[in-house]
Amino acid sequence: MKSVHEIIAGSGEEYISGGLNEKDIPADPLDLFEKWLEEAVKRKTGLPNAMHLSTAGADGRPSGRIVLLKEFDKRGFVFYTNLDSRKGVELKENNHAALTFFWNELFRQVRLEGRVFELPSGESDSYFAIRPHDSKISALASEQSRILKNRETLENRVRELENKLKDKIIERPANWGGYYLSPSYIEFWQGRTHRLHDRIVYRRDDIKGKWNIMRLYP
Ligand SMILES: Cc1cc2nc3c(=O)[nH]c(=O)nc-3n(C[C@H](O)[C@H](O)[C@H](O)COP(=O)(O)O)c2cc1C
């Protein structure tokens, strides 16, 4: 078995020093998230808005996948997907979920936990409307997470839809839309030397509550 440590060793990667100090952080975690996202964009990390979404349905078994963050505000962190997908089904059964960002070049991680809600349909309509024509066709053609007999079936379906909907306005399918995760826990993790990393947590007891800030052992 090949050790991952050996593969990575010698890549010359050095941890970012410079830490996360209580005296420098804002009272609102969204301000810190925005700053870190901007820094990830400036640092040209690959897909800075890619995040891991963890869900677990009624059986309590977790599943994970990457989705893209499209917006964030006081309400929550927004992503779009097929509402009948595996994640959609699991979120219907249990709307507790987690999001994790990792920006390798900055040696940073952000972890969020909270409840997930569907975006109002008007907002999903507006977002769907500005998507490219081909992406709309793909959203219509894909029964995300269902078993697909073969690739040809999907490609035929796309071709049929393209012919049928050429020059037509494509409405958002009812099973495609946005979710937002409303966080009650946001942890900012800054990697530091000798594994003495900084972990600053913002936690609140209810959606309208004030954020409490604490530091965790690395
Ligand atoms: C970089 C990246 C970005 C992705 N963005 C999305 C996204 O925004 N929405 C989405 O539904 N799937 C996205 N996917 C695909 C998902 O990871 C996943 O395969 C799909 O949503 C089905 O997941 P599920 O079967 O657990 O529901 C992305 C995958 C990658 C690798």
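**View 1. Helices H5 and H6 lie oblique to each other in this predicted model.** The axes of H5 (residues 133-141) and H6 (residues 151-165) come within 9 Å and cross at roughly 125°. The crossing of H5 past H6 is right-handed.

**View 2. Residues of H5 and H6 that form the helix contact.** From H5, the contact uses His133, Ile137, Leu140 and Ala141. From H6, the contributors are Leu154, Arg157, Val158, Leu161, Glu162 and Leu165. Sorted by class, seven residues in this contact are nonpolar, one is polar and two are charged.

**View 3. The largest nonpolar core, with 31 residues.** Phe33, Phe79, Phe101, Trp103, Val110, Leu112 and Phe188 touch the most other members of this core. Two or more residues each come from helix H2 (29-42) and from strands S1 (50-56), S4 (77-82), S5 (96-103), S6 (108-118), S7 (176-190) and S8 (198-203). H2 gives the most, with six residues.

**View 4. Surroundings of Trp103.** Leaving aside residues up to four places away in sequence, Trp103 touches Phe33, Trp36, Leu37, Ala40, Thr45, Pro48, Arg108 and Val110. Among these, Phe33 and Val110 are, like Trp103, listed with the core members that touch the most others.

**View 5. A second, separate nonpolar core.** This core has 13 residues, including Ile137, Leu165, Ile170 and Tyr180. Ile137 of H5 and Leu165 of H6 also take part in the contact between these helices.

How values were computed
Residues are numbered from 1 along each chain as its sequence is written. This is a predicted model: local features need pLDDT of at least 70, side-chain atom pairs count only at pLDDT 80 or more; totals for chains, interfaces and linings use all residues. Side-chain values use heavy atoms; hydrogens and water are left out. Axes are lines fitted to C-alpha atoms, for helices over the stretch in contact, and angles run from 0 to 180 degrees between N-to-C directions. Helices (H or I, at least four residues) and strands (E, at least two) are DSSP runs, numbered from the N terminus. Angles under 35 degrees count as roughly parallel, over 145 as roughly antiparallel, 65 to 115 as roughly perpendicular and the rest as oblique. A crossing is left-handed if the near helix is turned anticlockwise from the far one by less than a right angle, and right-handed if clockwise. Contact means heavy atoms within 4.5 Å. Ala, Val, Leu, Ile, Met, Phe, Trp, Tyr, Cys and Pro count as nonpolar, Asp, Glu, Lys and Arg as charged, and the others, Gly among them, as polar. A nonpolar core is a set of buried Ala, Val, Leu, Ile, Met, Phe, Trp, Tyr and Cys residues joined through side-chain atoms within 4.5 Å. Buried means under 20% relative accessible area, exposed over 50%, partly exposed in between (1.4 Å probe, protein chains only).
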